[in-house]
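Colleague: Can you put the model up? I have a few questions about it.
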Amino acid sequence: MDLKKENRLLNARLRELTRKAQENQETLGRFHARELELLGAETLPELLSCMTEGLKTSFEIESLHLMLHDPNHEIRHLLYKNGLDEKAFPLLEFVDDMVTVNPRFQRLRSPWLGSFLSPEYDLLFSDPAEIKSMAILPMVRHNRLIGSINLGSSEQSRFSRQLATDFLARLATICSVCLENTVNREHILISGLTDPLTELHNRRYLDRRLDEELARAGRYRQPLSCLFIDADHFKQINDTYGHQAGDTVLRELANRIRSQLRASDIATRFGGEEFALLLPQTCLNEALMLAERIRMEINSQPIPLDNGSTLQLSVSIGVSETLPLSSKSHQKTDGERLLAHADQALYTAKANGRNRIEYYQTDKALPNEINSSER
């Protein structure tokens, strides 16, 4: 072989090695950036967003499907407490048993890369039609499978068994640790923002969420409504039957209120026998329909007491609405007025005979007839 030809081959080899080194450096940089985002996520919704849309964008792949083992609906419950449900994350699926989804999860504890085979792996993706190669990243914590990050590509060579899996294994481990820490943190946070008697949120949580919902409503120009609900003649219940019976009534009242709400509605025990509800994306007319459904549900049947007797309960409800401005400077005033107006409407309902609904009077006209099935 002559010297010129050998130099050309060496230069070509050097360029190839340089190109691969640059690719590896870029890959390392992307992984590092993604790890920092995962570690920096402060809330469960933020973390799930990083683990779904964030990873899909980072990998530049056609398909990503995050599966989380949630047999007791623990993570889903925490999402509901944040005013969200699983529909907020289209790339996320909660499963009660990973092995029933695919038997490979019985023993899989490290990344698996290879060709996509249908129908064997169809259930690992929501859109398997165009997938040619795939990577399964099991999420393991304390030797227990807690989920799987499934990556799919339309390129046959994107995920081959010859590829090194160190980066992928590290990413799955970080996701597992972040998920466990975030779930634990959410439990601690919620315990401090939850009323232990009714298991509804407390007033402190209402104050926090009120600012968030006002900001969201102002940004998207959506209405935000509020309900104040008060148990009628509750003092007489405590005086006649005792405080234990009063606690039973409050728990049942909370359950009946909760049964009428959407996942995005925010129910709180405001204090004593008074409850406050925030209703995002809900106008006054819709809030009145919900209030009537709650009133009817509470009136529907007596509440059984521990001594074997029953108690018929009624509530008075005040309703208000705001369409906040996008300016943050007005949010505090908007929030104070929303709560004050609902409280004023509640006072009017009690003054007018109780077991009724009143709304804060504005210039906005309401339909004469309210159909409770519309919300």
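**Working notes**

Modeller: Taking contacts between residues at least 6 apart in sequence in the protein chain, 69% join residues at least 24 apart; contact means heavy atoms within 4.5 Å.

Colleague: What are the ground rules here?

Modeller: This is a predicted model, where local features need pLDDT of at least 70, side-chain atom pairs count only at pLDDT 80 or more, and totals for chains, interfaces and linings use all residues. Residues are numbered from 1 along each chain as its sequence is written, and side-chain values use heavy atoms, with hydrogens and water left out.

Colleague: What does pLDDT average over the protein chain?

Modeller: The average is 88, and 91% of the residues score at least 70; pLDDT is the predictor's confidence in each residue, from 0 to 100.

Colleague: Where does pLDDT stay under 50?

Modeller: Over residues 364-375, for which the model has 22 contacts beyond four places in sequence. Where pLDDT is low, the predicted coordinates should not be read in detail.

Colleague: Changing topic, is serine 58 buried or exposed?

Modeller: Serine 58 has a relative accessible area of 15%, so it is buried (buried means under 20%, exposed over 50%, partly exposed in between, with a 1.4 Å probe and protein chains only).

Colleague: Which residues does serine 58 touch?

Modeller: Arg30 and Arg34, leaving aside residues up to four places away in sequence.
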